[in-house]
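Work through the exercises below with the sequence and the structure at hand. Try each task before reading its solution.

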Amino acid sequence: MHDNAVLRLREARLARSTRPFLARGNKVRRCQRCLLALTQCLCDTLVTAPSRSQFSLLMYDTEPLKPSNTGRLIADILPGTTAFQWSRTEPPEPLLSLISSGDWQPMVVFPASDTGESRKVYHRPPTTGKPLLFIMLDGTWSEARKMFRKSPWLDTLPVISVDLNATSAYQLREAHGEGQYCTAEVAIALLELSGDVVASRQLTRHFTLFRERYLAGKAHHSHKVTAKLEESI
């Protein structure tokens, strides 16, 4: 089974749980690798891609457990992706080590409009220097904003803010505002802007297939529930 950092984080999060995590659609029988409905499993379609840029996902509480999470898709395609559980009081030491190693240009992915005037903000990735390490705050919009504001250990890092300038294709969760995109969509744009075109295209393909099969699985489950209700009338 193809492993990745988000799946490992998911296993660790499940091990700490004191009760079962019940996501939306929890009655659907899912592949425990891709978390899609068994009839829509896409595990045999995974193809990794090389990339000079890399991603570190800082994930909010139950985010690794959610079938709709798209940060996991980045880790599917880019094996060097790292993932960490966010804590307000205990920053993940491995991520701190990555940031301070001197091997990367680390930057926090976040909208420029919410960063404050004193923060250095890039609107395009630097094209020179060390490889880029994009630190993505993976959660709902309110959770990402909380992580950004309550992680002082990230305050010295520059922010990168990209304008996708398109309607989001993501329909697995409801967006809370115009111009908000899912984690995978932002990663696709960052890879393309950084010159990692092959990885960007591969992640686009993976995201598109994931979205199609996720929605197909939901529609199939909804149809079965409706049929059972009709039979009982």
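The place of Leu 35 is in the loop between α1 and β1. The model is predicted.

**Exercise 1.** Is Leu 35 buried or exposed?

Solution. 
- Step 1: Leu 35 has a relative accessible area of 1%.
- Step 2: The cut-off for buried is under 20% relative accessible area.
- Step 3: Leu 35 is therefore buried.
- Step 4: As for its backbone, Leu 35 is not a glycine, yet its phi is positive, about 65°.

**Exercise 2.** Describe the place, the phi angle and the accessibility of Asp 61.

Solution. 
- Step 1: Asp 61 belongs to the loop between β1 and α2 (71–77).
- Step 2: Its phi is positive, about 35°, although Asp 61 is not a glycine.
- Step 3: The relative accessibility of Asp 61 is 36%.

**Exercise 3.** What is the order of the strands in the open sheet, and which are the edge strands?

Solution. 
- Step 1: The six strands of the open sheet run in the order β2-β1-β5-β3-β6-β4, and their pairing is parallel.
- Step 2: β2 (82–85) and β4 (121–122) each pair on one side only, which makes them the edge strands.
- Step 3: Inside the order, β3 (residues 105–109) and β6 (residues 159–160) pair in the parallel sense over two bridges.
- Step 4: In this pair, Val 109 stands opposite Ile 160 in β6.

**Exercise 4.** Which strands does helix α1 touch?

Solution. 
- Step 1: Helix α1 (residues 5–16) packs on the sheet.
- Step 2: Helix α1 touches β1 (54–59) and β2.
- Step 3: The direction of α1 makes about 20° with that of β2.

Terms used. Residues numbered from 1 in each chain as written. Predicted model: local features only at pLDDT ≥ 70, side-chain atom pairs only at ≥ 80, totals over all residues. Heavy atoms only, no water. Pairing = 2+ DSSP bridges. Helix = DSSP H or I, 4+ residues; strand = E, 2+ residues; numbered from the N terminus. Contact = heavy atoms within 4.5 Å. Axes fitted to C-alpha atoms, helices over the stretch in contact; angles between N-to-C directions. Buried < 20%, exposed > 50% of the residue type's maximum accessible area, 1.4 Å probe, protein only.
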